[in-house]
Amino acid sequence: MQAQDLPTPVNRISCPKCGNDEEFIEIAENVILTTLYTQNQDGSFTPEEDDSQVLGALKLICAHCEADLSHFHSRFAEMLF
Ligand SMILES: [Zn+2]
């Protein structure tokens with residue numbers, strides 16, 4: 001049985017350069033991270049709330065060969081659970 005005979009869901013992303021379909025890296029540019037802390041009696045801090053805001057573009061790259069797969073990003077975002 002050849003690999004291409006196996007049923008493949010049509011919406012699986014794979015790297016056109018190296019064929020990787022398992023590991024991808026998302027890169028966010030220009031991110032503002034805001035974290036609310038409360039100070040405890042002993043002077044230590046506990047984070048209460050995290051708020052991140054992405055101002056720049058979100059990129060998707062192949063984790064194996066670092067090919068730019070950003071044109072797959074909207075599909076990637078839809079399949080993020
Ligand atoms: Zn690749």
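**Notes on the model**

1. P47 belongs to strand 3, where strands (E, at least two residues) and helices (H or I, at least four) are DSSP runs numbered from the N terminus.

2. Before going further, please note that this is a predicted model, in which local features need pLDDT of at least 70 and side-chain atom pairs count only at pLDDT 80 or more, while totals for chains, interfaces and linings use all residues. Residues are numbered from 1 along each chain as its sequence is written.

3. What is the bridge partner of Y37 in strand 3? The partner is P47, and the C-alpha atoms of these two residues lie 4.3 Å apart in space although P47 and Y37 are 10 residues apart in sequence. Once its neighbours within four places in sequence are left aside, P47 is in contact with T35 and Y37, a contact being counted when the two C-beta atoms, placed from the backbone, lie within 7 Å.

4. Strand 2 (residues 31-39) and strand 3 run antiparallel and are joined by 9 bridges; for two strands to pair, DSSP must find at least two bridges between them. The hairpin that they form has 5 residues between the strands, and in this hairpin G43 takes a positive phi near 90°.

5. N30, in the loop between strand 1 (24-28) and strand 2, has a positive phi near 50°, and N30 counts as exposed because 9 C-beta neighbours lie inside 10 Å. E66, which is found in the loop between strand 4 (58-62) and helix 1 (73-78), has a positive phi near 65°; with 12 C-beta neighbours inside 10 Å, E66 also counts as exposed.

6. The chain has 1 helix and 4 strands, and read along the sequence these follow the pattern β-β-β-β-α. Among contacts between residues at least 6 apart in sequence, 52% join residues at least 24 apart.

7. Which residues is I13 in contact with, leaving aside its neighbours within four places in sequence? They are D21, L69, F72, R75 and F76, while I13 itself lies in the segment before strand 1. I13 and H73 are 60 residues apart along the chain, and their C-alpha atoms are separated by 9.7 Å. I13 counts as partly exposed, because it has 16 C-beta neighbours inside 10 Å.

Definitions and conventions. Buried ≥ 20, exposed ≤ 12 C-beta atoms within 10 Å, placed from the backbone.
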